[in-house]
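I am opening a page for what I look up in this structure, beginning with the ligand and then moving on to the helices.

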Amino acid sequence: MAGHTPVPEQPTRQAAGRLPALLLVLYVLLPVWAVFYLFVVGGLVAPEVRPVARTVPGVAGIAAGPVEDGSEQVQEILAVVPKEVLDDPMPTLSPAALQTAQQQYATLCAVCHGPEGRGDGPAGATLNPKPMNFHARAFQERMPPGATFWVIKHGLADTPRRSGMPAFGALSDEQVWALVAYIRQLGAQQAR
Ligand code: HEC
């Protein structure tokens, strides 16, 4: 009879024996999880997990500092514009055509590109990449008018860039050239 007394103690002893084992498993798993999270989920070791963040100029601009001269954006747009349009010359425009362009800019473009063409219109705020800032030095100096004409006509949504610049194919060639001239003028005021 007396030999039966230790029996109820057994489960307690077993539980006490499991506790260090549980802690050990936790100590081992926690760093493994942390490394997995930082490197694989966080993309430290596998950068191809986040290709978008690496190609989006806004993100690169933030990383490089607050001043964005637009050169990266211009370069990336030029990469998807057909080469043969780059040398297309701007035709001579009538003052009336420029006047129309000013009005069309206000109704069709300012919502994204902003009233002064700084890329800060309300509808552009959530776009990534952001609407082009026409005051950016790289836009003024390195974007050929022929490329700008092509982008306004065809947009950039159907190019590999897949950005938010819509196509304005319904405008006549003269209207588009006038818009090219107008936004270059707009941005030439205080280019930076
Ligand atoms: C829905 C928002 C939106 C509207 C409306 C819009 N744009 Fe854009 N635009 C963009 C975005 C976004 C970009 C940047 C595209 C990129 O970086 O791929 C852009 C880029 C551009 C560029 C730079 C490309 C180049 O080759 O010069 C020009 C010029 C431009 N837009 C002109 C216009 C004009 C002119 C209008 C009006 C007729 C207009 N946009 C209307 C969003 C818009």
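Which residues around the ligand come nearest? I am working with a predicted model, and in it I find 27 residues around the ligand, of which Cys109, Cys112, Thr148, Ser163 and Met165 come nearest. I then looked up which elements give two or more residues to this shell, and they are helix 4 (71-78), helix 5 (95-113), helix 7 (145-154) and helix 8 (173-188). Helix 5 contributes the largest share, five residues. When I sorted the shell by residue type, I noted 20 nonpolar residues, six polar ones and one charged one.

Next entry: helix 5 against helix 8. I see that the axes of helix 5 and helix 8 come within 8 Å and cross at roughly 75 degrees, which means that helix 5 is roughly perpendicular to helix 8, since angles of 65 to 115 degrees are counted that way. On the helix 5 side of the contact I listed Ala97, Leu98, Thr100, Ala101, Gln102, Gln104 and Tyr105, and on the helix 8 side Glu174, Gln175, Ala178, Leu179, Ala181, Tyr182 and Ile183. The residues of this contact divide into nine nonpolar, four polar and one charged.

Last entry: helix 8 by itself. I count 16 residues in helix 8, and from its first C-alpha to its last it reaches 23 Å, which is close to the 22 Å expected at 1.5 Å a residue. Which residues of helix 8 are buried? I find Val176, Trp177, Ala178, Leu179, Val180, Tyr182, Ile183, Leu186 and Gly187, and what covers these buried residues includes helix 5, helix 6 (137-142) and helix 7.

Technical notes. Residues are numbered from 1 along each chain as its sequence is written. This is a predicted model: local features need pLDDT of at least 70, side-chain atom pairs count only at pLDDT 80 or more; totals for chains, interfaces and linings use all residues. A residue is near a molecule or strand if its C-beta atom, placed from the backbone, lies within 6 Å of it. Helices (H or I, at least four residues) and strands (E, at least two) are DSSP runs, numbered from the N terminus. Ala, Val, Leu, Ile, Met, Phe, Trp, Tyr, Cys and Pro count as nonpolar, Asp, Glu, Lys and Arg as charged, and the others, Gly among them, as polar. Axes are lines fitted to C-alpha atoms, for helices over the stretch in contact, and angles run from 0 to 180 degrees between N-to-C directions. Angles under 35 degrees count as roughly parallel, over 145 as roughly antiparallel, 65 to 115 as roughly perpendicular and the rest as oblique. Two residues are in contact if their C-beta atoms, placed from the backbone, lie within 7 Å. The expected span of a helix is 1.5 Å times one less than its number of residues. A residue is buried if 20 or more other C-beta atoms lie within 10 Å of its own, exposed if 12 or fewer, and partly exposed in between; C-beta atoms are placed from the backbone.
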